[in-house]
Amino acid sequence: MRVALDLLGGDHAPDAVIDGALLAVDRDPALEVILVGPPDVAGALLAARGATLAVVPASESVAMDEHPVRGVRSKGDATVRTIHRLVLEGAADAAVSVGPTGAVLAAAVLTLGRLTSRPAVAVVVPTAGGPVVLLDAGATSEGTPEQLVAFAVLGTAYAEILGVRQPRVGLLNVGAERGKGDQLRKDAFALLEQAPVRFVGNVEGHDVPHGGPADVVVTDGFTGNVLLKGVEAASARSDLPRSALLLGVAGISVVGHGAARAEDVAACVLHAADLARQGLLPRLREVLGTRLEAS
Amino acid sequence: MTAEQVLDLLRSAVVTVLEVDGASLGRGTRFVDDLQADSLALVEIVEIVEEDLTRAQPGFRIADEDLDRLLTLGDAVDYAVARLR
């Protein structure tokens, strides 16, 4: 498996990125990491570590405080764009960045295209009752009821690929009873009842880390991101995910925290390689095709 | 390339990206207010149209600083036609 890795993304780049890449290839000898960034920077860091990795040149990065879409559009040579171009061209099986999520999303969509109308950040939270797929965990701040339905279909397909049979879909809300929440939740509830998914109603924030009523939890990206960071901060668990999948783009694109350290980068790279090995994309196309035909 | 041909290209890009009914799209349709296009969708549409128009005029590009002024499909068509020789 070949993973294209953004050398310039993240608060601790490039050192944490390169150290994470080396950890990943050490743990998975069948893995090939392609560093995407300035060759002189990559070369110096690799030489200092006595290591060798493939390097594809790209000179620019999109800053955290920059408009992500405009930044990606104006910087054709940006690392986030190049990692996805390598996937598009078949030179890599997956792309990984711990740079700004908005920029990674924009680069993925503009380079690879979409599988569905609205991609989402999908995080898999392990629980005693099995994995819980939370989406959207940060791709889009303002959701619509139709988008939450699209997330339910995407999340169901992903959960099925993860081995969950007949995944139950819950709508993240402030209470389990019907009629709870703001207008977005009320409208989404009505649409989800008619959607080609196994909708089980509203779920609450604690149902994500604890598991239970739903295998797939859908929400808008703003709320999902707030919940995820709260769970991470409040929990002492070491098994919480370090990486997330951009679900709904036409390729495998994995993102991590901007504050990622080497271990986190390695986890992202290994996660991306696993998804590629499992044939995520063709399976997702197949499952989505079936579900969308049923809708 | 005529304004009608550019409008057809643009309409096709909008349908692809936003999954709306092409028959409902006219020169007066507003990208944000009527179609709820966000910044990413707008740039997707722009890049599809640029690719199409590059065949007619190599290197055709909509300047980033002009994007905010293209509020309707008609604005975008007029902008493109004025820059196509």
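**Conventions**

I took residue numbers from 1 along each chain as its sequence is written, with chains lettered from A and ligands numbered from 1 in the order in which they are written. Since the model is predicted, I kept in mind that local features need pLDDT of at least 70 and that side-chain atom pairs count only at pLDDT 80 or more, while totals for chains, interfaces and linings use all residues.

**Entry 1: chain A as a whole**

I looked up the secondary structure of chain A and found eleven helices and eleven strands, where helices (H or I, at least four residues) and strands (E, at least two) are DSSP runs numbered from the N terminus. Along the principal axes, the C-alpha atoms of chain A fill a box of roughly 60 × 40 × 35 Å. I then compared the radius of gyration, taken over C-alpha atoms, with the globule rule of 2.2 Å times the number of residues to the power 0.38: for 295 residues a compact globule would come near 19 Å, and the 19 Å of chain A agrees.

I noted that buried residues account for 54% of the 295 residues in chain A; a residue is buried if 20 or more other C-beta atoms lie within 10 Å of its own, exposed if 12 or fewer, and partly exposed in between, with C-beta atoms placed from the backbone. Of the contacts in chain A between residues at least 6 apart in sequence, 71% join residues at least 24 apart, a contact being two residues whose C-beta atoms, placed from the backbone, lie within 7 Å.

**Entry 2: the pair α6 and α7 of chain A**

I looked up how helix α6 (residues 145–161) of chain A packs with helix α7 (residues 183–194) of chain A, and found an angle of about 50° with the axes 8 Å apart. Axes here are lines fitted to C-alpha atoms, for helices over the stretch in contact, and angles run from 0 to 180 degrees between N-to-C directions. The two helices, α6(A) and α7(A), are therefore oblique to each other, given that angles under 35 degrees count as roughly parallel, over 145 as roughly antiparallel, 65 to 115 as roughly perpendicular and the rest as oblique. I recorded the crossing of α6(A) past α7(A) as right-handed, that is, with the near helix turned clockwise from the far one by less than a right angle.

On the α6(A) side the residues that meet α7(A) are A:Pro145, A:Glu146, A:Leu148, A:Val149 and A:Ala152, and their counterparts in α7(A) are A:Leu184, A:Asp187, A:Ala188, A:Leu191 and A:Leu192. By class, this contact of α6(A) with α7(A) holds eight nonpolar, no polar and two charged residues, with Ala, Val, Leu, Ile, Met, Phe, Trp, Tyr, Cys and Pro counted as nonpolar, Asp, Glu, Lys and Arg as charged, and the others, Gly among them, as polar.

**Entry 3: cis peptide bonds in chain A**

Most residues other than glycine have a negative phi, and most peptide bonds are trans. I found a cis peptide bond from A:Ala13 to A:Pro14, with omega near 0°, and placed A:Pro14 in the loop between β1 (2–6) and α1 (15–27) of chain A. Another cis peptide bond joins A:Leu135 and A:Asp136, with omega about 10°; A:Asp136 is in the loop between β6 (132–135) and α6 of chain A.

**Entry 4: chain B**

I found three helices and zero strands in chain B, and the C-alpha atoms of chain B fill a box of roughly 30 × 25 × 20 Å along the principal axes. With 85 residues, a compact globule would have a radius of gyration near 12 Å, and chain B agrees at 12 Å. Buried residues make up 22% of the 85 residues in chain B.

Leaving aside residues up to four places away in sequence, B:Val17 touches B:Ala41, B:Glu44 and B:Ile45.

In the loop between α1 and α2 (39–56) of chain B I found B:Glu19, whose phi is positive at about 55° although B:Glu19 is not a glycine. B:Gln36 lies in the loop between α1 and α2 of chain B and has a positive phi near 55°.

**Entry 5: where the chains meet**

I found that the contact takes eight residues from chain A and seven residues from chain B. On the side of chain A that touches chain B, α3 (68–74) and α5 (101–112) of chain A each supply at least two residues, and the largest share, four residues, comes from α3(A).
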